[in-house]
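My plan is to look up a few places in turn and to write down what I find at each.

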Amino acid sequence: MLKATCPSCLLDVAVSVGNGRPNIGQHVLCPDCRADLTIIWLYPITLGLSKSNDSDQAVASDEGMLIHDNL
Ligand SMILES: [Zn+2]
């Protein structure tokens with residue numbers, strides 16, 4: 001089972017993947033703090049908090065792996 005650390009409560013969150021592989025941008029709900037998390041990197045799997053405030057946070061946006069915003 002794939003696991004990643006919740007950035008909010010630092011719990012190891014099991015990442016369930018329907019088709020066998022996770023995708024960047026996939027939403028994961030932390031079972032402990034109920035934070036709405038998003039997979040922002042795959043190797044290793046890294047979770048980020050979904051946009052919920054106005055702070056200008058820089059998320060993983062390396063070359064060739066752009067996060068697509070809902071414009
Ligand atoms: Zn959490």
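Leaving aside its neighbours within four places in sequence, which residues is cysteine 6 in contact with? I note before answering that the model is predicted.

**Entry 1, cysteine 6.** I looked up the contacts and found Leu11, Val13, Cys30, Asp32, Cys33, Ala35, Leu37 and Leu47, with neighbours within four places in sequence set aside. I then checked where cysteine 6 sits, and found it in the loop between E1 and E2. For alanine 35, which is on that contact list, I also looked up the C-alpha separation from cysteine 6, and it is 8.2 Å, although the two residues are 29 residues apart along the chain. Cysteine 6 has 19 C-beta neighbours inside 10 Å, so it counts as partly exposed, since a buried residue would need 20 or more.

**Entry 2, the sheet.** I followed the strands next and found an open sheet of three strands, in the order E3-E4-E5, with antiparallel pairing. E3 and E5 stand at the edges and have a single partner strand each, so one side of each is left without a neighbour in the sheet. From one strand to the next, the twist averages 45°. I also looked up the pairing of E4 with E5, which is antiparallel and runs over five bridges. In that pairing I noted leucine 42, whose bridge partner in E5 is isoleucine 45.

Is leucine 10 buried or exposed? I had picked out leucine 10 for its phi near 65°, a positive value in a residue other than glycine, and I placed it in the loop between strand E1 (2-5) and strand E2 (12-15). Leucine 10 is exposed, because 10 other C-beta atoms lie within 10 Å and the limit for an exposed residue is 12 or fewer.

I then turned to arginine 34, where phi is near 65°, again a positive value in a residue other than glycine. Arginine 34 is found in the loop between strand E3 (27-29) and E4. Its count is 10 C-beta neighbours inside 10 Å, and therefore arginine 34 counts as exposed.

Conventions
Residues numbered from 1 in each chain as written. Predicted model: local features only at pLDDT ≥ 70, side-chain atom pairs only at ≥ 80, totals over all residues. Helix = DSSP H or I, 4+ residues; strand = E, 2+ residues; numbered from the N terminus. Pairing = 2+ DSSP bridges. Axes fitted to C-alpha atoms, helices over the stretch in contact; angles between N-to-C directions. Contact = placed C-beta atoms within 7 Å.
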